[in-house]
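Here is a friendly walk through one protein and its ligand. Please have the viewer open as you read.

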Amino acid sequence: MIVVHHLAASRSQRVLWLLEELGVPYEVKRYERNPKTMLAPPELRAVHPLGKSPVITDGDKTIAETGAIVDYLIAAYGAGRLIPAPGTPDRLRYDYWTHYAEGSAMPPLVMKLIFGHLADSPQMPFFIKPVARMISKAVIQSYLDPQIKTHIAFWDAELAKSPFFAGADLTGADIMMSFPVGAAAGRGTLTDRLQAFLTTIHARPAYQAALKTGGPYKLLS
Ligand SMILES: N[C@@H](CCC(=O)N[C@@H](CS)C(=O)NCC(=O)O)C(=O)O
């Protein structure tokens with residue numbers, strides 16, 4: 001039995017959604033974030049040394065990193081579903097987006113989240129807070145927001161070519177991209193097309209079933 005080590009309101013929602021799309025049975029072991037730091041609890045380190053979510057176990061295998069988990073599940077249980085055929089242009093797009101989602105799209109979104117809260121950190125001495133606020137604002141405005149804007153325009157242009165990131169049908173690439181697109185909805189301004197993409201994927205029965213299993217899902221902002 002596959003066990004999904006699921007941290008509340010996190011990237012592991014994508015893994016639950018994928019398992020629901022594949023119709024593969026699984027168990028969820030739920031972990032709550034520390035309400036002050038929003039970090040994962042130390043118990044997750046017993047599953048994987050980094051203590052991050054998602055991580056799954058399947059028999060004697062432990063697999064971390066969302067992209068690696070998506071690749072593993074689709075290869076092991078997909079029987080050709082949710083991935084374009086090898087050697088096709090869509091497969092190349094699939095490979096690109098599944099790597100890009102965590103490798104290029106998430107870093108500026110995560111940095112914006114961190115800089116946005118930097119001055120409120122309890123460790124920050126009160127007399128530094130105004131300076132920290134100014135520095136954070138400058139980094140966000142001069143570097144992160146323009147970067148995020150460029151990524152969003154790129155996603156929009158790609159979805160103008162096909163309804164999903166790797167062609168006409170939903171694939172693992174869309175499951176991977178659902179997190180940066182969803183995060184950008186709270187940390188940038190989405191286009192109508194990207195908003196429609198989110199509406200489409202959120203309406204899928206498998207997505208809704210995953211929400212029921214995973215519990216309330218509100219991305220940090
Ligand atoms: N690139 C990794 C990122 C993993 C990650 O940072 N997960 C977050 C949840 S969205 C986490 O575990 N945060 C809690 C912590 O860092 O303690 C992946 O996609 O699996």
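Predicted model: local features only at pLDDT ≥ 70, side-chain atom pairs only at ≥ 80, totals over all residues.

## The ligand site

Let's begin with the ligand. It is surrounded by 13 residues, and the closest are Ala 40, Lys 52, Ser 53, Glu 65 and Thr 66.

Three of these residues have polar atoms worth looking at. Ser 53 uses a backbone N or O atom, 2.8 Å from a nitrogen atom of the ligand. Glu 65 places a polar side-chain atom 2.6 Å from a nitrogen atom of the ligand, while a polar side-chain atom of Thr 66 is 2.6 Å from an oxygen atom of the ligand. On its own the ligand would expose 520 Å², and the protein buries 83% of that.

Next, have a look at Asp 174, which sits in helix 5 (residues 172-187). Which side chain of opposite charge is nearest to this buried residue? It is Arg 204, but at 8.0 Å, and Asp 174 has no salt bridge; the cut-off for one is 4 Å between a side-chain nitrogen and a carboxyl oxygen.

What the side chain of Asp 174 does reach is the backbone nitrogen of Phe 165, at 2.7 Å. Beyond its neighbours within four places in sequence, Asp 174 is in contact with Trp 17, Phe 164, Phe 165, Asp 169 and Phe 197.

## Salt bridges within and between helices

The structure holds 11 salt bridges. One of them joins the side chains of Arg 93 and Asp 90, with an N to O distance of 3.9 Å. Both residues belong to helix 3 (residues 89-117), where they are three residues apart, about one turn of the helix. Arg 93 counts as buried because its relative accessibility is 18%, whereas Asp 90, at 28%, counts as partly exposed. These two also take part in a network of salt bridges that links Asp 90, Arg 93, Glu 158 and Lys 161.

Another salt bridge pairs Lys 112 with Asp 145, at 2.7 Å from N to O. It links distant parts of the chain, with Lys 112 in helix 3 and Asp 145 in helix 4 (residues 129-159), 33 residues apart. Lys 112 is buried, with a relative accessible area of 18%, and Asp 145 is partly exposed, with 28%.

Finally, Arg 133 and Asp 120 form a salt bridge whose closest N and O atoms are 3.9 Å apart. Arg 133 is in helix 4 and Asp 120 in the loop between helix 3 and helix 4, so this pair ties together parts 13 residues apart in sequence. Arg 133 is partly exposed, with a relative accessible area of 45%.

Methods
Residues numbered from 1 in each chain as written. Heavy atoms only, no water. Helix = DSSP H or I, 4+ residues; strand = E, 2+ residues; numbered from the N terminus. Buried < 20%, exposed > 50% of the residue type's maximum accessible area, 1.4 Å probe, protein only. Lys, Arg positive; Asp, Glu negative; His and termini not counted. Polar contact = N/O pair within 3.5 Å; in protein donor to acceptor, adjacent residues only side chain to side chain. Contact = heavy atoms within 4.5 Å. Near = heavy atom within 4 Å. Areas by Shrake-Rupley, 256 points an atom, 1.4 Å probe, with all protein chains shown as cover.
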